[in-house]
Amino acid sequence: MKKHMFKVAALLLAGSMLTTSCIGSFSLFNRYEKWQCNMTNSKIVNGIVGFILQPIAGTICLFVDAVVLNTIEFWSGQNPMSASTQTVRGNDGKLYTVKASKKGYEISDGTQTVAQFIHDPQTDAWLLEQNGETTEIFRYNADGTIRATMRSGHAITVTNDAAGLAVVREVSAYDNCYALN
């Protein structure tokens, strides 16, 4: 009887580890779920294939997320599945690395950080941090418009559509808008 109670207590203790509030973002499982729901244009086909795949692929993704990736996220502060990095060629011909983070984007030229684009959730604004200076680039207004700040400090309010983008491009052509130094 004591042996049986010990196994039950051990199982309950192990199960309680999965129900703590220190859960991660489950990025791998969420990517699998998004793929499974959008693999075809038919909800019926997605449901049938999902019904077949879920016990195998879903369980594997959930286990890897819960045991490996969320543990890494807990100790490092960043989930390996959520970090994305791309290499792009700038207008100057150089290759730049763009790394996404929870705060925004970091741009480096391979040797040093050139600039950071940071989202400020309190003001719903995007900021450019470069050479020790932080400047607001644009912010979303409560009425759905966007307030864009030019390099000269002049700010304009435009609509959040292609017409507004065209206005910002036209104004920035004469205002020496942001360029990576």
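1. Start with Asp124. At 30% relative accessibility, Asp124 is partly exposed. The model is a predicted one. Asp124 sits in the loop that links strand 4 to strand 5 (125-130). Its phi is positive, about 55 degrees, although Asp124 is not a glycine. That backbone value deserves a look in the viewer.

2. The loop here is the one between strand 5 and strand 6. Asn131 is exposed, because its relative accessible area is 61%, over the 50% limit.

3. Now the overall layout. The chain holds 4 helices and 8 strands. Along the sequence the pattern reads α-α-α-β-β-β-β-β-β-β-β-α. The chain has 181 residues, and 23% of them count as buried. Take the contacts with a separation of 6 or more: 26% of them join residues 24 or more positions apart.

4. The helix pair comes next. Helix 2 covers residues 27-37 and helix 3 covers residues 43-76. Their axes come within 8 Å and cross at roughly 170 degrees. The angle is over 145 degrees, so helix 2 and helix 3 count as roughly antiparallel. On the helix 2 side, the contact is made by Ser27, Leu28, Phe29, Tyr32, Trp35, Gln36 and Cys37. Helix 3 brings residues including Asn46, Gly50, Leu53, Gln54, Ala57 and Gly58. Further along helix 3, the contact residues include Cys61, Leu62, Val64, Asp65 and Leu69. By class, the contact counts 11 nonpolar, 6 polar and 1 charged residues.

5. Strand 1 is hardly covered. Of its 5 residues, the number that count as buried is 0. Strand 1 runs antiparallel to strand 2 (residues 95-100), and 5 bridges join the two. Within this pair, Gln86 stands opposite Val98 of strand 2. The two strands make a hairpin with 5 residues between them. In the turn, Gly93 has a positive phi of about 90 degrees.

6. Strand 6 (residues 133-140) pairs with strand 7 in the antiparallel sense over 3 bridges. Here Tyr140 stands opposite Ile146 of strand 7. Ile146 has a partner in strand 8 as well: Val158. Strand 7 (residues 146-149) and strand 8 run antiparallel and are joined by 4 bridges.

7. The turns on that side. The hairpin of strand 6 and strand 7 has 5 residues between the strands, and Gly144 takes a positive phi near 95 degrees. The hairpin of strand 7 and strand 8 also has 5 residues between the strands. There, Gly153 takes a positive phi near 100 degrees.

8. Ser108 in strand 3. Strand 3 spans residues 104-108, with Ser108 in it. Ser108 counts as buried because its relative accessible area, 15%, is under 20%. Leaving out residues up to four places away in sequence, Ser108 touches Leu95, Tyr96, Thr97, Thr113 and Val114.

9. Phe117 in strand 4. Strand 4 runs over residues 113-120 and contains Phe117. Phe117 is partly exposed, with a relative accessible area of 24%. Phe117 and Glu106 are 11 residues apart in sequence, yet their C-alpha atoms lie 6.4 Å apart. Leaving out residues up to four places away in sequence, Phe117 touches Lys103, Gly104, Tyr105, Ile107, Trp126, Leu127, Leu128 and Ile137.

Notes
Residues numbered from 1 in each chain as written. Predicted model: local features only at pLDDT ≥ 70, side-chain atom pairs only at ≥ 80, totals over all residues. Heavy atoms only, no water. Axes fitted to C-alpha atoms, helices over the stretch in contact; angles between N-to-C directions. Parallel < 35°, antiparallel > 145°, perpendicular 65-115°, else oblique. Contact = heavy atoms within 4.5 Å. Nonpolar A, V, L, I, M, F, W, Y, C, P; charged D, E, K, R; others polar. Pairing = 2+ DSSP bridges. Buried < 20%, exposed > 50% of the residue type's maximum accessible area, 1.4 Å probe, protein only.
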